[in-house]
Amino acid sequence: MKKQLSWKWFDHRTDLPTWLKAGIGQIVAEWSVLERELEETVQALLDVEIALSRIVVNSMQARNRIFVIDYLVEWCVYHDKLDHRFADRFTKLASRITSKTQAKRDMVAHGLWTKRDGKWYVLRLRASRKTPELRPDFEKVSRPVVPQRVLVTREMVASIAEDIIYDAKELQAFCAEVYAALSPSRYKPLQYSRRRQKTAKKTARRARP
């Protein structure tokens with residue numbers, strides 16, 4: 001190895017400011033709503049009681065729930081129960097959740113925090129990152145080997161929560177269309193309150209790439 005990445009171990013902090021603690025809490029809470037939307041989609045595709053679908057997805061991470069939905073949608077399309085456009089739509093939604101939204105959520109929910117020069121940073125320790133400066137020895141290096149420091153701002157925390165809200169609402173709409181396409185269903189989805197503050201509603205309507 002001719003080159004090495006320069007970085008310093010963090011002074012791990014738990015005295016987070018109020019805005020950061022509140023932001024992390026919202027991100028975790030909104031992610032739990034997204035996971036429940038995935039659960040309801042599994043229920044719609046299996047056409048079973050919510051208790052049975054909850055047993056099926058118990059202990060499943062969001063990524064595994066997405067795999068299950070993807071397979072179930074494919075099965076329904078193959079057997080002419082759903083139009084192929086459902087598969088195309090969910091593939092795009094699933095790709096955004098797994099490659100973008102979840103990565104940001106995991107960074108905040110599982111990272112380590114420190115304060116440097118009046119600014120807050122999170123230390124990413126999962127997965128790997130590309131390291132062109134280490135070629136040809138490494139194309140990428142695992143973050144547990146060489147951690148990655150990321151500056152976190154109020155705007156970033158709010159943006160992550162907004163992305164999760166947007167994806168959860170997209171899942172809700174997708175699930176409703178699945179119910180309609182597969183009707184009549186033997187079981188109706190449970191009615192939950194999804195009311196949000198007006199600011200969150202406006203934010204969730206923003207267009208996403």
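Modeller: Start with Glu-39, which is found in helix H1. Bear in mind that this is a predicted model.

Colleague: Is Glu-39 buried or exposed?

Modeller: Buried. The relative accessible area of Glu-39 is 7%, and the cut-off for buried is under 20%.

Colleague: What is Glu-39 in contact with, leaving aside its neighbours within four places in sequence?

Modeller: Ile-50, Ser-53, Arg-54, Val-57 and Arg-65.

Colleague: Which residues are buried in helix H2?

Modeller: In H2, which runs over residues 50–57, the buried ones include Ile-50, Ser-53 and Val-57.

Colleague: Why do they count as being on the same side of H2?

Modeller: Because the arc they cover around the axis is only 65°. As background, an α-helix has 3.6 residues a turn, so residues three or four places apart point the same way.

Colleague: And what do the buried residues of H2 pack against?

Modeller: They pack against H1 and H3.

Colleague: What follows H2?

Modeller: Ser-59 follows H2, and its phi is positive, near 70°.

Colleague: Change of topic. How much space lies in the largest pocket?

Modeller: About 340 Å³.

Colleague: Which residues lie nearest its centre?

Modeller: Gln-102, Ala-103, Asp-106, His-110 and Arg-126. The lining of the largest pocket has 20 residues in total.

Colleague: Which elements give two or more residues to that lining?

Modeller: There are helices H1 (18–46), H3 (62–78) and H4 (84–110), plus strand E2 (119–124). H4 gives the most, with seven residues.

Colleague: What does the lining of the largest pocket look like by class?

Modeller: Seven residues are nonpolar, six are polar and seven are charged.

Colleague: One more residue, then. Where does Ala-168 lie?

Modeller: Ala-168 lies in helix H5, which covers residues 154–182. Ala-168 has 2% relative accessibility, so it counts as buried.

Colleague: What does Ala-168 touch, not counting residues up to four places away in sequence?

Modeller: Ala-168 touches Val-33, Leu-34 and Glu-37.

Colleague: And how far apart are Ala-168 and Glu-35 in sequence and in space?

Modeller: Ala-168 and Glu-35 are 133 residues apart in sequence. In space, C-alpha to C-alpha, they are 8.1 Å apart.

Conventions:
Residues numbered from 1 in each chain as written. Predicted model: local features only at pLDDT ≥ 70, side-chain atom pairs only at ≥ 80, totals over all residues. Heavy atoms only, no water. 1 Å grid on protein atoms, 1.4 Å probe; cavity = no way out; pocket = protein on both sides within 12 Å on 5 of 7 lines; lining within 4 Å. Points joined across faces, edges and corners; volume = space filled by probe spheres on them. Helix = DSSP H or I, 4+ residues; strand = E, 2+ residues; numbered from the N terminus. Nonpolar A, V, L, I, M, F, W, Y, C, P; charged D, E, K, R; others polar. Buried < 20%, exposed > 50% of the residue type's maximum accessible area, 1.4 Å probe, protein only. Contact = heavy atoms within 4.5 Å. Arc of directions from axis to C-beta.
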